[in-house]
Amino acid sequence: MTDLHTQVITAFTEQYGEPPAVVVRAPGRVNLIGEHTDYNDGFVMPLAIDRAFWLALRPRDDNHVSVRSLNVNETALFTLTGLHKGSESWGEYVKGVAWALQEAGHTLSGFEGVLISDVPMGAGLSSSAALELAIARAFAEVSKLDWNPAAMALLAQKAENEWVGMNCGIMDQMISAAGQAGHALFIDCRSLAHESVPLPRGTAVVILDTATRRGLVDSAYNERRTQCEAAAEFFGVSALRDVSVADLEARGSELETYDPLIYRRAKHIITENERVRQSKNGLRAGDARRVGQLMDASHVSLRDDFQVSSEALDTMVWLARQQDGCWGARMTGAGFGGCAVALVQADKAAKFADKVTRMYTKQMELEPAVYICEATDGAAVII
């Protein structure tokens, strides 16, 4: 058993006087490449990581739900009838998932449980989606619902979009639902078609947390989304996914003259989709060097064209690239803070992590969290 698995069972047993009937786990994620493409119906390639939400629970014979978070020592309490929004808190994600499942016609049973997580909040590792999928997995188990990863990911996204009020794309929920150990997941965010792509042998994925944070709802995320919609309208398509690099080259100067900012936003999305497709081919060929080059190019595009990087992220990426054994690095997540990700030679990963940590601390006077992660399976019932 992992430490969190043991902790959540122990805490449940202490609270309820007996072991849990069920334990579920839903992972956070790091996105290897494909940033801000998901809400443009594009392509992404994340992997589920060995940081997760663990939920120990037992069913109730009524329609009450009680979930205690060990991380913040708070309990989310509500009934499944007459759901209404409360003040902003982690409990709204729990409630939102219940609402979305019921909106889809599912009959839910109540449960009570204890929750713990080691997914950093606000770091761009998708703590909210991991929480949503843990709750969805719990409801599916106690309510005897069929578990369809793509369908459940869509309902978790609905909860975040319509209940919580964060206009996110589908990537985070999809990878938390459908991840596969040892693989990245290439996702078509329009059709939700997905395929597991093995990580090259002898490589490690290293997450570089800058120790800076941003609030997504309060950030420029929604502004970027509106700008992308304006660019799609210019090209006469429903989403920028339908615009090729050749289309951009043919009409880019016209758009740039019309609105230089919208052009830069479009340029990032269109070229990023192409980088994701090329990265999938690179992974399949075991070509870590090529994938690293594409990650480097992705960061430049995010920094200069989409303008969602930060001093901390740029510094972390630059330091990572200077180290022996680093194939490539880029910011990951929505931006403005949070994490970068690097593809590194596995036998040099520990030294890489140590050197980047020391150099970043000295340069930024911040204490980063740098850890070598494993690609894990998506949301699952553990016992």
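Good morning. I begin with a cysteine: Cys-168 is buried, at 8% relative accessibility, where buried means under 20% relative accessible area, exposed over 50% and partly exposed in between, with a 1.4 Å probe and protein chains only. This is a predicted model, in which local features need pLDDT of at least 70 and side-chain atom pairs count only at pLDDT 80 or more, while totals for chains, interfaces and linings use all residues. Residues are numbered from 1 along each chain as its sequence is written, and side-chain values use heavy atoms, with hydrogens and water left out.

How far is the sulfur of Cys-168 from the closest cysteine sulfur? The distance is 11 Å, to Cys-189, and that is too far for a bond. A disulfide is a pair of cysteine sulfur atoms within 2.5 Å, and a search of the whole structure finds zero of them. Cys-326 is likewise in no disulfide, as the nearest cysteine sulfur, in Cys-373, is 14 Å away. Cys-326 is buried too, with a relative accessible area of 15%.

I turn to the aromatic residues. Rings of Phe, Tyr and Trp (for Trp, the six-membered ring) pair if their centres lie within 6.5 Å; planes under 30 degrees apart count as stacked, over 60 as edge-to-face, and the rest as tilted. The count under this rule is seven aromatic pairs. One of them joins Trp-99 and Trp-163, a tilted pair with 5.6 Å between centres and 40 degrees between planes. Which parts of the chain does this pair link? Trp-99 belongs to helix 2 (residues 91–103) and Trp-163 to helix 4 (residues 149–164), distant parts of the chain, 64 residues apart. Helices here are DSSP runs of H or I with at least four residues, and strands are runs of E with at least two, numbered from the N terminus. Both partners are buried: Trp-99 at 17% relative accessibility and Trp-163 at 8%. Elsewhere, ring pairs link Phe-234, Phe-235 and Tyr-258 into a cluster.

Charges also meet rings. A charge sits over a ring if NZ of Lys or CZ of Arg is within 6 Å of the ring centre and within 35 degrees of the ring normal. Lys-85 lies over the face of Trp-163, 5.6 Å from the ring centre. Arg-137 places its charged end over the ring of Trp-147, at 4.4 Å from the centre.

Finally, helix 3 (residues 127–142) has 16 residues, of which 15 are buried. Lys-144, which follows helix 3, has a positive phi, near 60 degrees. Thank you.

Conventions:
Expected span 1.5 Å × (residues − 1).
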